[in-house]
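Reader: I should like to learn how to read a protein model feature by feature. Would you take me through one, giving the general idea before each case?

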Amino acid sequence: MRRTWSHRPRGGQSDLPSADDAAGWFSGRLPDGWFTGEPTVTIDREEILIVGTLPDLDGDYADDAARAAAESGRISRWREATRDERIEIARQAEHRYARKVAWGARQGSTEELFTTLSVPVMTRLRQPERLVLDTLVDAGVARSRSEALAWAVRLVGAHAEEWLGELREAMTKVDDLRARGPEL
């Protein structure tokens, strides 16, 4: 089971249960045959997201649009067929990890996420940063400052993934050292 970054709680969130074993738990809990390989499990303070790859489509398609429509249809069919079992698995995981569970599926070049959270995040921005957001809104790139900020965060994430990965790795090492602590 591939596991992506798990943000370990700091500060006032220390009572949140660890989800370090979530990828393994889902690996054992998910039914065989749902995905072609191990799904990606992404964890943060509020949510666990499981995204798996469905079997490839058979047949030829007139163009990329027709293939994308077929992939989307297959994902929709999988979503409906697995709904009751996904709800039960999510209920168990939410009890175990005190986080909401969201699902997604990918097939070919199509990926769809369902039941994902949209969490408000408080931030303080000075005028130069607000002007950037307002420019994105005025230009029609975003409908609101909130949407503009989300767009900017996605853009940074896409262009800084290698650096963010190194940062996450370094933070994991710090967490491991902190957990070991000095022997007194």
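**Strands, helices and a pocket**

Author: Strands S2 and S3 form a hairpin, with three residues lying between them. Helices (H or I, at least four residues) and strands (E, at least two) are DSSP runs, numbered from the N terminus, and two strands pair if DSSP finds at least two bridges between them. The model is predicted, so local features need pLDDT of at least 70 and side-chain atom pairs count only at pLDDT 80 or more, while totals for chains, interfaces and linings use all residues. Residues are numbered from 1 along each chain as its sequence is written, and side-chain values use heavy atoms, with hydrogens and water left out.

Reader: How many bridges join S2 to S3, and do the strands run parallel or antiparallel?

Author: S2 and S3 run antiparallel and are joined by four bridges. Within this pairing, Thr 40 stands opposite Val 51 in S3.

Reader: In which sense do S3 and S4 pair?

Author: S3 and S4 pair in the parallel sense, over seven bridges. Ile 48 faces Val 101 in S4, and Thr 53 stands opposite Arg 106 in S4. Arg 106 also stands opposite Glu 111 in S5. Strand S4 (residues 100-107) and strand S5 (residues 110-114) run antiparallel, joined by five bridges. Their hairpin has two residues between the strands, and Gly 108 there takes a positive phi near 60 degrees.

Reader: How should I think of the side chains in a strand, and are the residues of S4 mostly covered or uncovered?

Author: In a regular strand the side chains alternate between the two faces of the sheet. Burial is a separate reading: buried means under 20% relative accessible area, exposed over 50%, and partly exposed in between (1.4 Å probe, protein chains only). By that test seven of the eight residues of S4 are buried. In S3, six of the seven residues are buried, so this strand is largely enclosed by the rest of the structure. Of the 184 residues of the protein, 27% count as buried.

Reader: What span should helix H3 have?

Author: The expected span of a helix is 1.5 Å times one less than its number of residues. Helix H3 (residues 127-138) has 12 residues and should span 16 Å; its end C-alpha atoms are 16 Å apart, which agrees. Just after H3, Gly 140 takes a positive phi of about 85 degrees.

Reader: How much space lies in the largest pocket?

Author: On a 1 Å grid over the protein atoms alone, a pocket is an open set of points where a 1.4 Å probe fits, with protein on both sides within 12 Å along at least five of seven lines; lining residues have an atom within 4 Å of a point. Grid points are joined across faces, edges and corners, and a volume is the space filled by probe spheres set on the points. The largest pocket holds about 1700 Å³ of space. Among its 35 lining residues, the closest to its centre are Asp 44, Val 121, Ala 150, Val 153 and Arg 154.

Reader: Which element gives the largest share of the lining of the largest pocket?

Author: H4 gives the largest share, 11 residues.
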